[in-house]
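Subject: Two-chain model for your review

Dear colleague,

I am handing over the structure we spoke about, and below it I set out what was found in it. Please read the notes with the coordinates open beside them.

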Amino acid sequence: METIVFLISAVVILSGALGVIFSKNPVHSALFMVQTLFGAAVLFVLLEATFLAAIQVIVYAGAIVILFVFVITLLGIDRAEDLKVEPIAGQRPLAVVLGASIFGIILTVLIVAVGGPTGVREANTPIGDAADNTRLLGETLFSKQVFSVELTALLLTVAVIGAVVLSARPQKPLIRTLQESDTEEETEEGGE
Amino acid sequence: MTVTTTWYLSLAAVLFSIGTVGLLVRRNPLIMFMCIELMLNAVTITFVSIGSHLNDLGGQLAVFFVLVVAAAEVVVGLALVVAIMRRRARTNADDLKILGG
């Protein structure tokens, strides 16, 4: 049963990922990304990380993809990209070779070198069963990791402020050349 | 035939490689961001499966922080894309070579 669920979600994840990089329309890419994210959420359920599965759907598929689609509609760049034009000669074969070699290196390290994952079992906090997952995660986050949680809050604040500053439409351009500011002053004086 | 941790890690490796290839091939900044999200998702699958393998909650805690960082990264990145697109209507990643001066 677990094998069947794993295989189905693996197919869903990988076909979604291929859809993201091969579809011409950015909106289709965003929808394929939702497919991949849902597949990953199913894997999280399979691994008894129920809280993360919920967060994956709510934050990723809910918030982040909506943000992507919102920007696509805001900018009106939903036109298809011409995938036949290759901007830099030989870029795609090289990219595929690089991707394949990354995959090969990871798989070699994983299977050949160490014969599967190793490590110290239960070094930190035991996982517990799926029903206790959210409680344990919350308790650990707000006791052992509380400093990291505070830093996370700081990071999100900085990100929000940065986004507002970056996308604000300035009344005057923020950076003016010396010449421009000179001529503006002259015209203002002339008006008086 | 049972599902071992190696299966999850191999799947994550495939997903990471697809994300890498997409990031290198596509020129649309939005799709490049989506490929980064794919790579981040591969990493989260790795964290959760290793954590499950070692019976350690640390993997899931790491994924929590990865999610937050991913959200912040997307917010700032999309704000940058909006700011650039407002000045230059049709932009892809190659056009930004003007940043080189």
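What percentage of the 192 residues in chain A do buried residues make up? The answer is 20%. Please bear in mind throughout that this is a predicted model, for which the predictor gives the complex an ipTM of 0.89 and a pTM of 0.84.

Confidence

Chain A has a mean pLDDT of 81, with 79% of its residues reaching 70 or more, and within that chain the confidence is highest in helix H1 (residues 2–22), at 93, and lowest in helix H7 (residues 178–191), at a mean of 50. Where pLDDT is low, the predicted coordinates should not be read in detail. Chain B averages a pLDDT of 86, and 90% of its residues score at least 70; there the confidence is lowest in H3(B), at a mean of 88, and highest in H2(B), at 91.

Chain A

Chain A contains seven helices and zero strands, and its pattern, read along the sequence, is α-α-α-α-α-α-α. Of the contacts in chain A between residues at least 6 apart in sequence, 53% join residues at least 24 apart.

The helix pair I looked at in this chain is H1(A) with H2(A), whose axes come within 8 Å and cross at roughly 155°. An angle over 145 degrees counts as roughly antiparallel, and the two helices H1(A) and H2(A) are therefore roughly antiparallel to each other. In handedness, the crossing in which H1(A) passes H2(A) is left-handed. From H1(A) the contact draws on residues including Ser9(A), Val12(A), Ile13(A) and Gly16(A), while H2(A) contributes, among them, Phe32(A), Thr36(A), Gly39(A) and Leu43(A). By class, the residues of this contact of H1(A) with H2(A) divide into 12 nonpolar, seven polar and one charged.

Gly39(A) is placed in helix H2 (residues 26–46) of chain A, and, leaving aside residues up to four places away in sequence, Gly39(A) touches Ser9(A), Val12(A), Ile13(A) and Gly16(A). Gly39(A) and Ile13(A) are 26 residues apart in sequence, yet 5.1 Å apart in space, C-alpha to C-alpha. Is Gly39(A) buried or exposed? Since a residue is buried if 20 or more other C-beta atoms lie within 10 Å of its own, Gly39(A), with 25 other C-beta atoms within 10 Å, is buried.

Chain B

In chain B, H1(B) and H2(B) pack at an angle of about 165°, with their axes 8 Å apart, which makes H1(B) roughly antiparallel to H2(B). Here too the handedness can be stated: H1(B) passes H2(B) in a left-handed crossing. The residues that meet include Leu9(B), Ala12(B), Phe16(B) and Gly19(B) in H1(B), and Met39(B), Ala42(B), Thr46(B) and Ile50(B) in H2(B). The contact of H1(B) with H2(B) divides into 16 nonpolar, eight polar and no charged residues.

Backbone points to check

Two loop residues may be worth a look when you inspect the backbone. Glu48(A) has a positive phi of about 65° although it is not a glycine; Glu48(A) is found in the loop between H2 and helix H3 (50–75) of chain A, and is partly exposed, with 18 other C-beta atoms within 10 Å. Asn55(B), likewise a residue other than glycine, has a positive phi near 50°; Asn55(B) sits in the loop between H2 and H3 of chain B, and is partly exposed, with 15 other C-beta atoms within 10 Å.

The interface

How many residues of chain B are in contact with chain A? There are 66 of them, and they are in contact with 75 residues of chain A. On the chain B side, the elements that give two or more residues to this surface are helix H1 (5–25), helix H2 (29–53) and helix H3 (58–87) of chain B, and H3(B) gives the most, with 21 residues. By class, the side of chain B that touches chain A has 43 nonpolar, 18 polar and five charged residues.

With best regards

Methods. Residues are numbered from 1 along each chain as its sequence is written. Chains are lettered from A and ligands numbered from 1 in the order in which they are written. This is a predicted model: local features need pLDDT of at least 70, side-chain atom pairs count only at pLDDT 80 or more; totals for chains, interfaces and linings use all residues. Two residues are in contact if their C-beta atoms, placed from the backbone, lie within 7 Å. Helices (H or I, at least four residues) and strands (E, at least two) are DSSP runs, numbered from the N terminus. Ala, Val, Leu, Ile, Met, Phe, Trp, Tyr, Cys and Pro count as nonpolar, Asp, Glu, Lys and Arg as charged, and the others, Gly among them, as polar. A residue is buried if 20 or more other C-beta atoms lie within 10 Å of its own, exposed if 12 or fewer, and partly exposed in between; C-beta atoms are placed from the backbone. pLDDT is the predictor's confidence in each residue, from 0 to 100. Axes are lines fitted to C-alpha atoms, for helices over the stretch in contact, and angles run from 0 to 180 degrees between N-to-C directions. Angles under 35 degrees count as roughly parallel, over 145 as roughly antiparallel, 65 to 115 as roughly perpendicular and the rest as oblique. A crossing is left-handed if the near helix is turned anticlockwise from the far one by less than a right angle, and right-handed if clockwise.
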